[in-house]
Amino acid sequence: MEFSIGGDTPVLDPSSDDIESGLSSLTGEGDSFAILAESPMTYIQTSGSPTTGFVLEYQIDSLDQHFRSASQQLPLHQVIEAFERYRTRDPAWREVTSWEREELSTESSLPLGAIALAVLALGAVAAWWFGAA
């Protein structure tokens, strides 16, 4: 798995400490998002801050399987719990909050999903580029 904050270089196989410190560092401004990705199209992500709350999203394999937390003001401890369970592949990560399906398409302009896909694609290209060099 890869964990990244605001488009920074991803951390491969992040620890619990990586997850907690990364999520705690989010400010809610600018590139204030975090992604824990199993693959480019399968991930959990969040945006927000500890003071204003967070929204969680996840996707499994395709835009047709994209979900958003019903609450847009989740507390930090709940987001850390979801990420940590996802990291350890504990299926209970889905029980941390209630979810609503989002209708996304390639023409959608939802910022968080678009940012996530762009960051993951850029990371894949960079990994390929520097690995091939």
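What follows is a short tour, from the whole chain down to single residues.

Before clicking around, note that this is a predicted model, where local features need pLDDT of at least 70, side-chain atom pairs count only at pLDDT 80 or more, and totals for chains, interfaces and linings use all residues. Residues are numbered from 1 along each chain as its sequence is written, and side-chain values use heavy atoms, with hydrogens and water left out.

**Whole chain.** Helices here are DSSP runs of H or I with at least four residues, strands are E runs of at least two, and both are numbered from the N terminus. Among contacts (heavy atoms within 4.5 Å) with a separation of 6 or more, 50% link residues 24 or more positions apart.

**Select 53-59.** This is strand 5, and 7 of its 7 residues are buried. In a regular strand the side chains alternate between the two faces of the sheet. Here both faces are covered, with G53, V55, E57 and Q59 on one side and F54, L56 and Y58 on the other.

Select 42-49 for strand 4, which runs antiparallel to strand 5 and is joined to it by 7 bridges; two strands pair if DSSP finds at least two bridges between them. Zoom in on G48 and you'll find F54 as its bridge partner. A hairpin of 3 residues connects strand 4 to strand 5.

Next, take 66-69, strand 6. Strand 5 pairs with strand 6 over 3 bridges, again antiparallel, and Y58 sits opposite F67. This hairpin has 6 residues between its strands.

**Stop at the turn.** Most residues other than glycine have a negative phi. D61, in the turn between strand 5 and strand 6, has a positive phi of about 70 degrees. D61 is exposed, at 57% relative accessibility.

**Last stop: D13.** Which loop holds D13? Look between strand 2 (11-12) and helix 1 (16-24). D13 also has a positive phi, near 50 degrees, without being a glycine, and its relative accessible area of 64% makes it exposed.

Methods. Buried means under 20% relative accessible area, exposed over 50%, partly exposed in between (1.4 Å probe, protein chains only).
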